[in-house]
Structure formats: C-alpha cells, structure tokens
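Please keep the sequence and the model in view while reading.

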Amino acid sequence: MAGKADQKITYLRAVDIFQDLSMAEMREMDHTTTMSTCQKSKIFYQPQDTSEVLFILKKGRVQLYRISPEGKKLVVTTIGPGSIFGEMSIVGQGMYNTFAEAVEDCLLCVMSRHDVERLILSKPPVALRIMQVMAHRLTQAETQLEDIAFKSIPARLAAHLLRLQAEYGDSISGYTHQDLAEAVGTYRETATQTLNEFKAQKLISIGRKRIDILDSDGLTQLTAE
C-alpha cells in the first residue's frame with residue numbers, strides 16, 4: 001500500500017504546479033487525489049457531466065474536442081503528460097460542450113473542487129502556476145482559431161506539424177491522418193492529400209502513424225500562406 005502511495009507522490013511531484021509543495025504536503029495530497037486508468041478511445045468526460053474536478057494527466061494523451069450541430073469534430077487541444085485540465089471555474093478552466101477522450105492508454109489523478117480551492121488558498125505559488133498553464137492554453141486556442149479563420153489548409157497543417165515537432169522532436173508518432181485533419185479543422189482526405197504534397201516536396205516522410213520532419217524551414221515558409 002505504501003508503495004502505491006509513494007508512486008502516486010512521485011507522479012504528482014513531476015507535475016510543474018506542485019513543485020513548491022513539501023513532502024508532508026505531497027503526502028496530504030495522496031489522500032485527496034484518486035488515481036485512475038483510462039483505456040485508449042474511452043470518452044471519460046462529456047458535455048452533460050456536471051462534476052467539478054481537476055484532471056492531472058500522468059501518462060498518455062487526451063484529446064479535448066467539440067461536436068458541431070452537423071456532427072463535425074473540432075479538436076480544441078491535445079494534452080500530454082504532466083498537464084492539467086477540467087471543468088472548474090475557480091481555475092479559469094471550462095469544458096462547456098467539450099468531450100475528453102483518451103487517444104492513448106492514460107493514467108490520471110483527479111482532484112475535487114474543494115481540494116483544489118484549499119490548495120490554492122494555502123499555496124499561492126500553485127495558483128500562479130495554474131494560471132500560467134491556463135494562459136498558455138488560451139494562447140494556443142486563439143492561435144488555432146486564427147489559423148482556421150485566415151490560413152490555408154497547407155499552412156494550418158504545416159504549423160501543426162511544427163508544433164508537434166517542438167513537443168516530440170523530428171519523429172512524430174501516434175497520430176493518424178484523421179487526428180491531424182481534426183486538429184486543423186478539415187477532412188481526412190484533404191489532410192492526406194496535403195501530407196502527400198509535403199512528402200513530394202521532401203518536407204516530410206510518412207510511415208504508419210509516423211511522420212518524420214525533413215525540412216523545418218520549408219514547413220515554416222508554408223505557414224505564412
């Protein structure tokens with residue numbers, strides 16, 4: 001039992017917003033958070049859910065998306081390990097009309113609104129770090145909306161590949177053409193055609209659920225179109 005508790009504390013200490021907490025405070029958090037696993041493709045949060053919780057993603061990737069009245073899926077963001085998200089107005093984070101789906105097998109820590117409020121009031125640096133995370137996510141969302149409104153599909157896809165490169169390096173794996181299409185607000189067929197054009201221009205190489213960036217400068221030039 002102690003081993004599982006220590007493992008959870010190790011997970012939580014790896015999250016940036018908790019780095020100012022003492023070991024005693026981390027052990028207290030062990031009692032106020034629950035760990036859960038979530039298999040790939042499971043939708044674990046839906047628009048009709050009303051619980052106010054904060055999710056802390058330790059392992060895997062989570063996709064937050066919305067569905068238009070016509071049934072089209074629009075990806076709001078894809079979240080990786082160490083990130084936080086959830087329906088909780090106190091931290092300026094909302095998931096109104098948003099689905100949360102595990103795109104890989106995930107390991108999550110969950111905190112209630114009460115526990116988050118108590119933590120924020122007792123540790124102002126935690127509140128500041130949460131605000132920084134949310135501000136960064138808001139900037140990402142604004143950039144995505146601007147791209148969809150004003151840029152061509154090749155420019156949007158090139159910009160998205162560069163963002164993934166910044167996160168994963170030159171070899172980007174685990175993303176299907178459908179994933180990429182939804183991230184830039186287009187159809188899979190269009191994304192596939194555009195990726196093939198990038199390949200023909202020797203900007204990228206394409207494998208099974210893998211894209212290797214060959215020419216970052218060339219992709220950067222496309223983002224201005």
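Is Arg-210 buried, partly exposed or exposed? In this predicted model, Arg-210 is partly exposed, its relative accessible area being 40%.

**Salt bridges**

- Side chains of opposite charge can pair when their charged atoms come close.
- Across the whole structure, a search finds seven salt bridges.
- One of them joins the side chains of Asp-212 and Arg-210, with 3.1 Å from N to O.

- Glu-117 and Arg-113 form a salt bridge through their side chains, at 2.9 Å from N to O.
- These two residues are four apart in helix H3, which spans residues 113–122, so about one helical turn separates Glu-117 from Arg-113.
- Glu-117 is partly exposed, with 26% relative accessibility, and Arg-113 is also partly exposed, with 26%.
- A salt bridge also links Asp-115 to Arg-118, whose closest N and O atoms are 3.4 Å apart.
- Because Asp-115 and Arg-118 are three residues apart in helix H3, about one helical turn lies between them.
- Asp-115 is buried, at a relative accessible area of 12%, while Arg-118 counts as partly exposed at 33%.

**The four-stranded sheet**

- Strands of a sheet pair through backbone hydrogen bonds, either parallel or antiparallel.
- Four strands make up an open sheet in the order E2-E7-E4-E5, and their pairing is antiparallel.
- The edges are held by strand E2 (43–45) and strand E5 (73–79); each has a single partner strand, so one side of each has no neighbour in the sheet.
- On average, neighbouring strands of this sheet are turned by 35° against each other, with direction ignored.

**Pairings within the sheet**

- E2 and E7 are antiparallel and pair over two bridges; Tyr-45 stands opposite Ala-100 in E7.
- E4 and E7 are likewise antiparallel, pairing over four bridges, and Leu-64 has Ala-100 of E7 as its bridge partner.
- Strand E4 (residues 62–67) is joined to E5 by six bridges, in an antiparallel arrangement.
- Between these two strands, Ile-67 has Lys-73 in E5 as its bridge partner.

- Helix H6 (residues 177–184) lies across E4 and E5, and runs at about 100° to E5.

**The loop residue Asp-20**

- Where does Asp-20 lie? Asp-20 is found in the loop between helix H1 (2–13) and helix H2 (23–32).
- Asp-20 counts as partly exposed, at 32% relative accessibility.
- Leaving aside residues up to four places away in sequence, Asp-20 touches Glu-25, Lys-123, Pro-125 and Arg-129.
- Asp-20 and Lys-123 are 103 residues apart along the chain, and 8.3 Å separates their C-alpha atoms.

Definitions and conventions
Residues are numbered from 1 along each chain as its sequence is written. This is a predicted model: local features need pLDDT of at least 70, side-chain atom pairs count only at pLDDT 80 or more; totals for chains, interfaces and linings use all residues. Side-chain values use heavy atoms; hydrogens and water are left out. A salt bridge is a side-chain nitrogen of Lys or Arg within 4 Å of a carboxyl oxygen of Asp or Glu. Buried means under 20% relative accessible area, exposed over 50%, partly exposed in between (1.4 Å probe, protein chains only). Two strands pair if DSSP finds at least two bridges between them. Axes are lines fitted to C-alpha atoms, for helices over the stretch in contact, and angles run from 0 to 180 degrees between N-to-C directions. Contact means heavy atoms within 4.5 Å.
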